[in-house]
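Here are a few exercises to work through with the structure open beside you. Try each task before you read its solution.

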Amino acid sequence: MSTTTAPDHDVVIVGAGFSGIGVAAKLDKAGVHDYLLIEAGDGVGGTWHWNTYPGVAVDIPSFSYQFSFEQRPDWTRTYARGHELKAYAEHCADKYGIRPKIRLNSTVVDATFDDEHDLWRLNLESGERITARFLINAGGVLTIPKLPDIAGVDSFDGITMYTARWDHTQDLTGKRVAIIGTGASAVQVIPEIAAVAEHLTVFQRTPIWCLPKYDVPLPRAARWAMRVPGGKAIHRLLSQAYVELTFPVSAQYFTVFPLAKRGEAIGKAFLRREVKDPVVRDKLTPRYAVGCKRPGFHNAYLSTFNRDNVELVTDPIDKITPTGVATVEGSLHEVDVLILATGFKVLDVDSLTYDIVGRGAVSLSRFWEENRLQAYEGVSLPGFPNFFLVCGPYGYVGSSFFALIEAQTHHIVRCLKRAERQRATRVEVTEAANERYFDEMMRKRHTQIFWQDSCKLANSYYFDSHGDVPLRRATTLETVWRSRRFPLADYRFTA
Ligand SMILES: Cc1cc2nc3c(=O)[nH]c(=O)nc-3n(C[C@H](O)[C@H](O)[C@H](O)COP(=O)(O)OP(=O)(O)OC[C@H]3O[C@@H](n4cnc5c(N)ncnc54)[C@H](O)[C@@H]3O)c2cc1C
């Protein structure tokens, strides 16, 4: 039962990446103006603010990797580079009047639901305390860099860098460089480093499927076509169809439409065409199906291994020494710079950036640890009233993040509007609705590619610590439709 204690804000949004910006724009449109965005970084854009390594770019065509309500007619390339996406985030923050409501350089360390007053109490790293009726987590899923579990990683005497926190004061020209990891970021940065370094040693645990990318400057005619009525819509429709077929349909409906097999054939042909040495080619050939983990898209990654100054090492790493990387076979690769391209702590029980404590002092990470990762429609959980996730478990289908952000935001705004109409101070999804959704995901998941035997060899971050893959078995269209049609009776609205 709520008393009259008024919170500082109606809504606090944690994170000012595209999710936070998208939520804020939609809240304003819905007439919810009292919100605050709290962002740990010193700028907006999230992923594209933090990841500035050479070659960083999106893997989804720019026509799809943008808000439907803010489509740019002037992307410079079919696949935007990181700095262009960062500029797009800045543009959206300004155009939609969000910037004055963003607090940068501020980190939320914990948030606790106050059961008596129906509000969230947040503690910031600075010691400041903030209260909000509703808490929306837009803290991202590829946010916290994952350190490799390798002995001696702190003992290296040279320069150590993470791809996710690139140090632009370091010049790699003429240096001996080692990179650990061959995931999606490594695919983009390796060709750039190889072009300047004296020598580059690439340490690979699991090869990645690398597919060709139609990455070209946007022809003037295409840019012009986007300015004529309907032009943007046509480009977006074609792009969405391509993304839908290559990502969600291939991975989520693999047993129905085995398109991923075609992807594998393309990947193998690309390897044959690009890599000259058959031994190196064999080492670069994945032994798992294409969709088991996120593939790379790059036109120069594979051919980089033809260069004389690039060496691929597949012997497992034993340890890092003060001078380089030692493998279990006993060789020591001495280098000046060590680059960790070892990914992120992805959606899992320990991936939250701050402690979220719901009713009965239950923390979200403990809830997930005991009950497996879950969230109703990927958005909300019983026991965590007035709390919403933009990219919760079983929310993301694998297409453009913008489709996800807009669908989840629609879901959240519907709840907030109903709460406003009913003067409710507490909104909580029912246990029955959450259970029904989780059961549906479990029942349907057999069509996903992830349950192929070969996926066990992929070392894929899609799998969580329970062995589940918390991706939504659905198409983007279904996700969008359900965000508009889910029964509001699945929530309890009380005052
Ligand atoms: C290198 C790279 C390439 C990618 N390429 C693609 C792609 O091709 N297609 C695609 O769809 N997706 C891609 N992604 C995924 C990308 O993360 C999403 O597309 C999207 O940018 C996520 O936006 P977000 O706002 O949800 O999260 P983020 O962009 O991660 O933003 C979250 C923000 O929250 C802040 N934050 C987190 N915790 C706190 C806290 N406790 N206190 C204060 N602030 C906090 C962080 O500082 C961060 O700025 C890529 C990701 C990476 C890392």
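A definition first: a residue counts as buried when its relative accessible area is under 20%, as exposed when it is over 50%, and as partly exposed in between. Keep in mind that the model is predicted.

**Exercise 1. Describe how domain 1 and domain 2 meet.**

Solution. 
- Step 1: Locate the two parts. Domain 1 covers 9–144 + 346–494, and domain 2 covers 159–215 + 241–340. Their centres, taken over C-alpha atoms, are 29 Å apart.
- Step 2: Look at the contacts. On the domain 1 side 47 residues take part, and they touch 35 residues of domain 2.
- Step 3: Turn to the area. About 3,500 Å² is buried between the two domains, with 52% of it on carbon and sulfur atoms. Within domain 1, the residues that lose the most area to domain 2 are Y53, D59 and I449, which together make up 21% of what that side buries.
- Step 4: Helix α13 (residues 476–485) gives the largest share of the domain 1 side, 3 residues. That side consists of 23 nonpolar, 18 polar and 6 charged residues.
- Step 5: Count the salt bridges between the domains: there are 4. K213 and D59 form a salt bridge, with their closest N and O atoms 3.3 Å apart.

**Exercise 2. Is each partner in the salt bridge of D468 and R372 buried or partly exposed?**

Solution. 
- Step 1: Find the pair. The side chains of D468 and R372 meet at 2.9 Å, N to O. D468 sits in the loop between α12 (431–444) and α13, R372 in the loop between α10 (364–371) and β18 (387–389), and 96 residues separate them.
- Step 2: Apply the cut-offs. D468 is buried because its relative accessible area is 2%. R372 counts as partly exposed because its relative accessibility is 29%.

**Exercise 3. Where in the chain do R482 and E377 lie, and which network includes them?**

Solution. 
- Step 1: Check the bridge. The closest N and O atoms of R482 and E377 are 2.7 Å apart.
- Step 2: R482 belongs to helix α13, while E377 is in the loop between α10 and β18, 105 residues away. Both R482 and E377 are buried.
- Step 3: Widen the view. Salt bridges link E377, E440, K444, R472, E478 and R482 in a network.

Definitions and conventions:
Residues numbered from 1 in each chain as written. Predicted model: local features only at pLDDT ≥ 70, side-chain atom pairs only at ≥ 80, totals over all residues. Heavy atoms only, no water. Domains from an automatic or database assignment. Contact = heavy atoms within 4.5 Å. Buried area = accessible area lost by both parts, 1.4 Å probe. Helix = DSSP H or I, 4+ residues; strand = E, 2+ residues; numbered from the N terminus. Nonpolar A, V, L, I, M, F, W, Y, C, P; charged D, E, K, R; others polar. Buried < 20%, exposed > 50% of the residue type's maximum accessible area, 1.4 Å probe, protein only.
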